[in-house]
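Please open the structure in a viewer and keep the selection tool at hand.

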Amino acid sequence: MSRIFLDVTDLAIYLRHNSGVSGIQRVLINVARMMAETQSDVFISFVDPTTKAYRAVSAKSLDDINGFEEAILKQLFFIKGRASKALATKKLPTLEKYRPGSAKYYYRFACAVWASFRGKDDYFRRRGTSLSAWRTALKTGPSDTKGVSIPASVDPLNTAEPGDTLVILGASWNISRLDAYARQLREKHVRLVVLLHDLVPLLTPEHVEDRVAKNFRLWLEDTVSQADMILATTEFTAAKLRDYLASHDSEAKVEVLPLARCFEPSVTDETAKDRVDLLSPIDRRIAGLITRPYVLCVGTMESRKNNLSLAQAWHRLSLRPEIDLPRLIFAGKRGWLNDDFFELMDRTSGLGGWAKIVEGPSDAELALLYEHCLFTTMVSFHEGWGLPIGEGFTYGKTAVIAKNSAMPEVGGELVEYCDAQSVSSIAAACERLISDHDHRGALEDKIAAAKLRSWSDVAEDLTALLQNKL
């Protein structure tokens with residue numbers, strides 16, 4: 001049976017410079033994890049950040065040791081630095097069925113910590129254990145990953161055979177060494193498939209640095225146009241890509257592989273509304289934010305995300321006393337070409353207290369923010385998908401999103417739309433979800449009733465495309 005090499009070089013590079021993962025890296029981890037669970041001949045491949053050699057390990061063997069968690073991935077990629085204890089925590093009573101490091105694991109861990117603090121033995125009895133067993137187990141964990149045995153790697157350049165497939169999952173357009181390895185594998189008649197997350201540098205070059213747009217265009221004309229199949233995450237991106245390739249006399253095959261619209265759902269119970277300040281995985285300043293109503297905007301704070309217009313819309317709403325206005329929280333990393341937004345936030349002290357920036361929240365903190373927000377927002381000028389929309393759906397939250405690019409394919413009939421170019425339109429859409437409780441509730445009911453696409457669906461469709469379309 002032919003083998004599938006899932007390239008995650010982009011993830012290896014990202015983890016070398018960042019403490020957590022962003023949108024595209026979340027896609028890589030989730031697709032790789034689900035492929036490992038459903039397929040037997042799948043390998044995780046990458047350019048080694050240290051030796052620059054090309055390596056691959058069995059995805060199944062990684063999955064067996066929870067190898068798709070950040071701490072273990074860093075060890076696999078030979079990235080120096082102390083492994084996160086929270087991510088490497090061993091299985092504890094009441095948490096056996098949850099994957100360490102996941103949002104759901106953090107959530108259940110926090111619930112158990114709070115129940116332990118209050119001495120509520122009945123919480124643990126209902127879950128087949130006891131308070132004393134929890135406290136005993138907690139004393140022996142968490143641990144680091146020094147004792148984890150990373151599976152031996154192979155060299156795809158030597159082991160790959162004709163008919164095997166290399167699937168580049170990440171944003172590889174600025175990784176020249178990976179392009180070189182991909183060409184060598186193609187010379188061995190290994191099929192090349194590229195997952196294209198977006199066309200941002202091509203369609204909206206004003207939101208990226210000049211060299212980024214130029215390098216991306218060269219990559220499209222070289223590597224992507226020579227691929228056996230290109231996977232676009234939306235029909236919007238697929239149509240734009242087909243037009244571009246046709247204008248460059250490329251006959252590359254383009255197929256659509258939508259991403260997930262639902263992640264790991266939060267499960268609330270009687271302790272959920274009692275946690276907050278004493279929950280050990282959560283920064284107390286962030287935990288304190290959920291004590292007041294708020295709307296959440298998640299994503300790297302770059303110019304394309306249109307944070308400035310959203311902030312201006314919130315300022316307009318704050319001037320209308322008849323609106324019971326919640327706070328607006330921006331959660332993510334500081335990005336590029338967004339000086340106007342940061343200057344506005346600094347000059348006005350967060351719109352006079354109506355807005356707050358939470359920089360680099362952990363997965364646990366982000367899960368907490370999603371769970372307690374009124375709704376989410378994504379008013380970007382352009383998106384290749386829009387993961388925060390689906391992350392909000394996971395917690396039953398609707399959203400205000402811009403009606404452009406790929407976002408309507410994610411939002412469907414479950415959200416309120418606005419025009420990203422109009423501050424008035426953004427303000428009106430947000431006002432409706434803030435003030436019209438019945439309308440917001442109706443959208444939430446639709447979300448609860450919807451069968452949302454999962455990562456297992458993505459892996460199943462990817463497997464079908466590789467089997468039937470190449």
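Axes are lines fitted to C-alpha atoms, for helices over the stretch in contact, and the angles run from 0 to 180 degrees between N-to-C directions. Helices (H or I, at least four residues) and strands (E, at least two) are DSSP runs, numbered from the N terminus.

This is a predicted model, in which local features need a pLDDT of at least 70 and side-chain atom pairs count only at pLDDT 80 or more, whereas totals for chains, interfaces and linings use all residues. Residues are numbered from 1 along each chain as its sequence is written, and side-chain values use heavy atoms, with hydrogens and water left out.

**Whole chain**

Begin with the entire protein, coloured by pLDDT (the predictor's confidence in each residue, from 0 to 100). The average is 85, and 86% of the residues score at least 70. Select residues 81-90 next: pLDDT stays under 50 there, and the model has 24 contacts beyond four places in sequence for this stretch, a contact being heavy atoms within 4.5 Å. Residues 266-278 also have a pLDDT below 50, with 38 contacts beyond near neighbours in sequence.

The protein contains 23 helices and 13 strands. Of its 470 residues, 56% are buried; buried means under 20% relative accessible area, exposed over 50%, and partly exposed in between (1.4 Å probe, protein chains only). Among contacts with a separation of 6 or more, 73% join residues 24 or more positions apart.

**Helices α1 and α2**

Select residues 9-17 (α1) and 23-38 (α2), which pack at an angle of about 125° with their axes 10 Å apart. The two helices are therefore oblique to each other. Which residues of α1 and α2 meet? D10, L11 and Y14 in α1 meet I24, Q25, L28 and I29 in α2. These contact residues comprise five nonpolar, one polar and one charged (Ala, Val, Leu, Ile, Met, Phe, Trp, Tyr, Cys and Pro count as nonpolar, Asp, Glu, Lys and Arg as charged, and the others, Gly among them, as polar).

Remain in α2 and select N30. N30 counts as buried because its relative accessibility is 18%.

**Helices α15 and α16**

Select residues 307-318 (α15) and 339-347 (α16), whose axes lie 8 Å apart at an angle of about 35°. N307, L308, A311 and Q312 of α15 make the contact with D340, F341 and L344 of α16. Four of these residues are nonpolar, two polar and one charged.

**Helix α19**

Is α19 mostly covered or mostly uncovered? In this helix, residues 387-394, eight of the eight residues are buried, and α19 is mostly covered. Just after α19, G396 takes a positive phi of about 80°.

Most residues other than glycine have a negative phi. Select H189, in the loop between α10 (176-187) and β5 (191-196); H189 has a positive phi of about 65° although it is not a glycine. With 59% relative accessibility, H189 counts as exposed. Finish at S349 in helix α17 (residues 349-353), where phi is positive, near 50°. S349 counts as exposed, at 58% relative accessibility.

Conventions:
Angles under 35 degrees count as roughly parallel, over 145 as roughly antiparallel, 65 to 115 as roughly perpendicular and the rest as oblique.
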